[in-house]
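The following exercises concern a single structure. Please study the sequence and the model before reading each solution.

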Amino acid sequence: MTGRILVIDDEPLIRSFATRVLRAEGFAVTEAAGGRAGLEIALSDPPDVVLLDLGLPDLAGAEVLRRLRHARPDQAVLVWSAAADPATERQCLQLGARACLRKPTPIAELLRCVGASGRPRPSGHGGSTAPGSRRCGRGGRRGGAGDGLE
């Protein structure tokens, strides 16, 4: 796999682990520890996919998503959070996220979603929020210690 990924997460261990996993699969990864820095990077040097945590201390992930999608409507964004409830997931999908992943996420599922999100959307695949329309990472088992990204 190839592609450029921006990981925006305020938790250093999660961010560095995601970076190592993605780089091991051939992705070029840039990291940002906060929403403002991540938004600046994404706008100045757009990646193929943004992996975005919601619980950021300086600028909420949902606001980063809103601003990013306003400036770059075709930007692929995966929301990745332990705090996402169904209402938040719906909101993020309506704002244009390609998918909402819940932490902990099994590594194989993360890689599948990142790889799928790096491809262009089919035409007419706009803001649909029908169940399963742009979600990956919701099915299957939840990762346990050592087998997922927490």
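**Exercise 1.** What order do the strands of the open sheet have, and is the pairing parallel or antiparallel?

*Solution.* The model is predicted: local features need pLDDT of at least 70 and side-chain atom pairs 80 or more, while totals for chains, interfaces and linings use all residues. Residues are numbered from 1 along each chain as its sequence is written, and side-chain values use heavy atoms, without hydrogens and water.

Step 1. The 5 strands run in the order β2-β1-β3-β4-β5, with parallel pairing. Strands (E, at least two residues) and helices (H or I, at least four) are DSSP runs, numbered from the N terminus; a pair of strands requires at least two DSSP bridges.

Step 2. β2 (28-32) and β5 (99-102) are the edge strands, each with a single partner, so one side of each has no neighbour in the sheet.

Step 3. β4 and β5 pair over 4 bridges, and Leu78 stands opposite Ala99 in β5.

**Exercise 2.** Determine which residues of helix α3 (residues 61-71) are buried, and where they pack.

*Solution.* Step 1. Gly61, Val64, Leu65, Leu68 and Arg69 are buried, that is, under 20% relative accessible area with a 1.4 Å probe, protein chains only.

Step 2. Seen down the axis of α3, these residues fall within an arc of 120 degrees, so they line one face of the helix. The arc is taken from the directions from the helix axis to the C-beta atoms.

Step 3. The buried residues of α3 pack against β1 (4-8), α2 (35-44), β3 (49-52), β4 (76-81) and α4 (86-95), contact meaning heavy atoms within 4.5 Å.

Methods. Buried < 20%, exposed > 50% of the residue type's maximum accessible area, 1.4 Å probe, protein only.
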